[in-house]
Amino acid sequence: MLSIMPNIEDKTRPRISGLSRGARILRGLSLVIPATVLALMFLTAIFADLAWIGLPDVGLSPYHPNDQVLKERRLPPAFIEGGSTEHLLGTDNLGRDVLSRVIHGARVSLSVSLLVIFITATIGTILGITAGYLGGRIEGFIMRVVDVALSFPGLILALLLATIIGPGYMTVVIALSALGWAGYARLTRGESLRIRQSDFVAQARVNGASTSRIMLRHIFPNVLNSLIVIMTLAVGMMILAESMLSYLGIGISAPTASWGSMVADGRNDLDRAWWISTFPGIAIGAVVMSGNFLGDWIRDKMDPRLRQL
Amino acid sequence: MTDVILEARDLKKYYPVTKGLLQRTIGWVRAVDGISFTIERGKTLSLVGESGAGKTTVAKAVLLLEKLTSGSILFEGKDIYRFSKSQLKMEYRPRVQSVQQNPWSSMNPRMRVRDIIAEPLVVNTKRTKEEIRSRVLEILDQVGLAPNQVDYYPHEFSGGQRQRIAVARALALNPDLIVLDEPVSALDVSIRAQIMNLLKDLQDQYNLSYLVIAHNLATVRFMSHTVAIMYLGEIVEFGEAEELFTRPLHPYTRALISASMLTLPEDEDKGVEKIILSGEMPSPLNPPPGCRFHTRCVEATDKCSKDVPEVREIGQQRVKCHLYADPSVRSAVSKGPDAGPAGK
């Protein structure tokens, strides 16, 4: 067959994926760039200092993030007039090195958002699939709880928690998780309702598959697509939520750096020292966008039907 | 002598129709209304009818996907609705499998062919991974797929190939009965014969029984040993396939056969006319009194709209129609080979 139509074979080869050359390069970049950005962010967070293997003085961060030099307040970054290479991204209103704080802030911001997403997605998916597949009273009960959780003002709950257990890292995680699962539950329940009707689930029941097997092997893999999209979008939302709580004094308390609290701290100096809140803001933006792009890519890759596109 | 594998007795499935805030039941949709049939081991029974006749409900009841309102289904003489959960798992589920109509939706798009075919084995047996692996390859070969295709996903196959995978999955446990719900109607005409031949070969090889749900008469004639024609939740005619197709008795059966045949120019010359049914099937919520078919029947009389016809045996066939109430008609029909308009 090849010898009959050699020309056609040759012409089709470069376009076998169905995309033009430019589109494929773009597609490749949409994986490489966000993956690199995220990898760098995580490495930065891990190697900000090596205190966790007993070397507090070695690390990426040039200074200790909380060291104040009041004489050197609001020094501009190195690349504009008046800046020096001593402080590459300048200093804040207390003379702390912005670069060091951005590097250390990555730890708090990334770990809070990942932890919260992991907790909420797990709880929400289990409840959502259970409600969607089993239906009946169980569904009614779970979904009423979801309604309550979605209508409850999250900020008030966070304030309440802060009063009871005091502000701190775990308070932020608990406050964001306590209501955050409801969105996942609603999403996965809707998807499960749809998938429950499909012929392959009926077939699994004919085969005698147990309820838990159907939920795990048939419903969950088909919910995963939408779940991943929502989870990657949540990375940005969680970083923002963490910064909001920190700004209100409920979350990560001063002087510990998190991107959100740095943006908040710098807002009074925006007219004379824009760099204080701009650089952590850029970090937030970069992580959020990379998360979204990577999420799209993972979704396409995981869906066998889209794999060849 | 006759080895009955499945017997259905007076199956009824009514769906409640509710209205208002309090969900009062204002009526019942009689999807299936008193159906009985038997399937012999190694034989095929087809249920034929228009959409809405209730044939899929019967299939779902046999597969226990739908609870019956009343009636019983006996599998090798045992009532499947009386099985305990463990009995079902041991004695019924593994021995009754199904192939569904739509090969594009009957497989989990996230599973590889290997896992799709293995699922009944994993769920119902305690075989090791190695045993399952070799069994999957064995069946794959039987349905005519290559062993290197086990790691593909269902979307990478054509419709015919997918239906082969569905057949392979149904065969995995060596079942006794397979429910085939419109097994070829979603496929291209050119592929249908392949799948039907495959099913027939497998039947001969393993002495399988089939319950076929279909509306395509060519499919039915080719595949079945016995045929039941359904109309509005009832069986109106039942008989051996060849007999029923060469000598259809019920006006509805005649209309179906006539409508499904090609009219050749010479037929038109001879004045062979097609029976075209007018209108649609009445709502099963409000079935017509008397014979349910009288609203569309070309031979309907006053009697048909008043009295419910009884089931009468004519030769090997059973028919539910007033036309055959008169004994002289009955004997004339059973002697004359050319009674039906579609007779060959």
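At 15% relative accessibility, B:Lys320 counts as buried, where buried means under 20% relative accessible area, exposed over 50% and partly exposed in between (1.4 Å probe, protein chains only). The side chain of B:Lys320 meets that of B:Glu234 in a salt bridge (3.0 Å, N to O), the term standing for a side-chain nitrogen of Lys or Arg within 4 Å of a carboxyl oxygen of Asp or Glu. B:Glu234 sits in strand E10 of chain B and B:Lys320 in strand E12 (residues 317-320) of chain B, so that this pair links distant parts of the chain, 86 residues apart. B:Glu234 is buried too, at 12% relative accessibility. Helices (H or I, at least four residues) and strands (E, at least two) are DSSP runs, numbered from the N terminus.

The model is predicted: local features need pLDDT of at least 70 and side-chain atom pairs count only at pLDDT 80 or more, whereas totals for chains, interfaces and linings use all residues. Residues are numbered from 1 along each chain as its sequence is written, chains are lettered from A and ligands numbered from 1 in the order in which they are written, and side-chain values use heavy atoms, with hydrogens and water left out.

Over all chains, the count comes to 26 salt bridges. One of them joins the side chains of B:Glu76 and B:Arg41 at 2.7 Å, N to O. B:Glu76 lies in the loop between strand E4 (70-75) and strand E5 (78-79) of chain B, and B:Arg41 in the loop between strand E2 (24-40) and E3 of chain B, so the pair ties together parts that are 35 residues apart in sequence. B:Glu76 also meets B:Arg95 in a salt bridge, again given as 2.7 Å, N to O. Because B:Arg95 belongs to the loop between helix H2 (85-92) and E6 of chain B, while B:Glu76 is in the loop between E4 and E5 of chain B, this pair ties together parts that are 19 residues apart in sequence. Partly exposed positions are found here: B:Glu76 has a relative accessible area of 30%, B:Arg41 one of 25% and B:Arg95 one of 25%. These residues belong to a network of salt bridges that links B:Asp3, B:Arg41, B:Glu76, B:Arg95 and B:Asp176.

Turning to the interface, the contact between the chains takes 26 residues from chain B and 22 residues from chain A, with contact meaning heavy atoms within 4.5 Å. About 2,300 Å² is buried between chain B and chain A, and carbon and sulfur atoms give 47% of this area; buried area is the accessible area (1.4 Å probe) that two parts lose on being put together, summed over both. In chain B, the residues that lose the most area to chain A are B:Leu65, B:Arg110 and B:Glu119, together 29% of what that side buries. One salt bridge is counted between the two chains, and the side chains of B:Glu119 and A:Arg213 meet in a salt bridge at 2.8 Å, N to O.

Within chain B, helix H9 (residues 251-260) is mostly covered, with eight of its ten residues buried. The cover of these buried residues includes strand E3 (44-48), helix H7 (217-223), strand E9 (226-231), strand E10 (234-240) and helix H8 (241-246) of chain B. B:Thr226 is found in strand E9 of chain B and is buried at 15% relative accessibility. Among the residues that B:Thr226 touches, not counting those up to four places away in sequence, are B:Thr44 and B:Phe238. B:Thr44 also has a polar contact of 2.9 Å, side chain to side chain, with B:Gln203. B:Gln203 has its place in helix H6 (residues 189-206) of chain B and is buried, with a relative accessible area of 3%.

Technical notes: Polar contact = N/O pair within 3.5 Å; in protein donor to acceptor, adjacent residues only side chain to side chain.
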